[in-house]
Amino acid sequence: MLELTFLREHREEAEQRLLKRNIDARSLLDQASSLDEKRRSTQQELDARLAELNGLSRTIGDLMRTGKKEEAEAARAKTTELKATAASLKEQLEAVEKALHDHLCTIPNAPSKNVPPGRTPEENVTVMQEGAIPTLHAGARPHWELGEEYGFLHMDLGVKVTGAGFPVYSGQGAKLQRALISFFLDRAIAAGYREIIPPHMVNADSAFGTGQLPDKEGQMYHATVDGLYLIPTAEVPITNLYRDEIVDAAQLPVKMVGYTPCFRREAGSYGAHVRGLNRVHQFDKVEIVRIEKPENSYAVLDEMVEHVKGLLRALELPYRQLLLCGGDMGFSSAMTYDMEVYSAAQERWLEVSSISNFETYQSNRLKLRYRGEDKKPRLAHTLNGSALALARIVAALLENNQTPEGIRIPEALQAYTGFAMIHK
RNA sequence: GGAGAGGUGGCAGAGCGGUCGAAUGCGGCGGUCUUGAAAACCGCUUUACCCGCAAGGGUAACGGGGGUUCGAAUCCCUCCCUCUCCGCCA
């Protein structure tokens, strides 16, 4: 949620920034400010009535104690109408507060100053590209065929056991998954992140805190009997560790990393591009999360990008860095870089990481604050990024490194896999 | 799943119908003392919203929601959570 004070004090800026998402925010912001005014006037009125009521109660207490029963009765009679007025005002206040809250929930984060305007992925800006695009031998195949041929990836068994989009890995394929997870975790830990193993299901408050609810309700698996959601990313449980907290400035930055499986319904995204591991309902991901002072958050975003680049280089994958345009960014983000790797057999770029600065959009929902030098609580900035998402990394790794003799494992990973080649 | 106990400020822990945002202790911050430190002593120490340039003032919050009452941390209802015991189980 955008901060009300920001909308009040920097109305013009908010409007300009939201324009980069191609939304004309004027009427949205008008409505927010009129609800806000209504809220404040109602509260003033209510507070005044309650103050009167409190005064009367004190008076009655005094009168009772001094035995002036009749005067007390008279004062008591006066409270009836006041109470009714206060009750109705309270009802109005709650209604307008809810309306304002719900309304603010419909407004996405305001893109930061450097975000390019635009509405489609074509308008994203390629910041850099690195690594040679491999030339494959004749008869090279896409990863889903490789997986079947080598016998380490079984989409069909996933269908039997669960349904489409739930891959089964076996043998060297399973080991490769585990190796990647360990490799990513070790690199993050070496970079100063604290490892977290969070719950894989979250409650509605957590899903709201990071912005999955109400915006992306249909994208999460929902265990309705217990009111819990399967996490779509470790960002949700890990960031929510700090919900309703005020951390001391000295504790910042908070750097956390976690591996979790991620569950996504991907409702409505079926088609030609979703074969094999390109888009699945369950995949593994190592996520880095940071809680930062506002003045540092953009430098930190760059630092996180560098971390991810290091991983991609170590895996010897050709990749490019995209700065997302306003229209392609996630609802809660102020600025997002996507990292894509080239998957040579499909001749496609696959998104393997998304690194975002949410500024105070999440922390405002989370009530995640820090105590600054002036001892006043202020909203912190939150950031997170995939480092990295497995399924697509595996796809690119398999396709790019296939040879007639087998599939080569990048050197950096061999200590983790225990083998240098995947054989039939 | 069954039975019982309990949820109060950063922590521990009182309060059980009125002046209680809340005793006391610990912790934290500031000060006195000291060459410095410790000890001792003194003071301060929640958050949100509203009004105000500010000083300051108002309202709300004792797990959540509802009720009784002029007045509730205190009484009633309900939900949630934690702990102990029993059962079941990785």
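**A loop residue and a domain interface in chain A**

A345 sits in the loop that links strand 12 (335-343) to strand 13 (348-357). The model is predicted. A345 counts as partly exposed, because its relative accessibility is 26% and that class lies between 20% and 50%. Several residues from elsewhere in the sequence touch this position. With neighbours within four places in sequence set aside, the contacts of A345 are L136, R141, P142, E399 and Q402. In sequence, A345 and H143 are 202 residues apart. In space, their C-alpha atoms are 7.7 Å apart.

The chain as a whole was examined next. Chain A holds 13 helices and 19 strands. Its C-alpha trace spans about 100 × 45 × 45 Å along the principal axes. Of its 424 residues, 50% count as buried. Contacts were also sorted by sequence separation. Among contacts in chain A with a separation of 6 or more, 74% join residues 24 or more positions apart.

Two domains are assigned in chain A: domain 1 covers 4-105, and domain 2 covers 121-422. The C-alpha centres of the two domains lie 43 Å apart. Contact between the domains involves six residues of domain 1 and eleven residues of domain 2. Together the domains bury about 580 Å² between them. Carbon and sulfur atoms carry 40% of that area. On the side of domain 1, the most area is lost by R17, R21 and C105. These three residues together make up 77% of what that side buries.

Polar links across the interface were then counted. Five residue pairs are in polar contact between domain 1 and domain 2, both residues of each pair being at pLDDT 80 or more. One salt bridge is found across the interface. The side chains of R17 and E359 meet in a salt bridge, with a distance of 3.3 Å from N to O.

By class, the side of domain 1 that touches domain 2 has three charged, two nonpolar and one polar residue.

Notes. Residues numbered from 1 in each chain as written. Chains lettered and ligands numbered in written order. Predicted model: local features only at pLDDT ≥ 70, side-chain atom pairs only at ≥ 80, totals over all residues. Heavy atoms only, no water. Domains from an automatic or database assignment. Contact = heavy atoms within 4.5 Å. Buried area = accessible area lost by both parts, 1.4 Å probe. Salt bridge = Lys/Arg side-chain N within 4 Å of Asp/Glu carboxyl O. Polar contact = N/O pair within 3.5 Å; in protein donor to acceptor, adjacent residues only side chain to side chain. Nonpolar A, V, L, I, M, F, W, Y, C, P; charged D, E, K, R; others polar. Helix = DSSP H or I, 4+ residues; strand = E, 2+ residues; numbered from the N terminus. Buried < 20%, exposed > 50% of the residue type's maximum accessible area, 1.4 Å probe, protein only.
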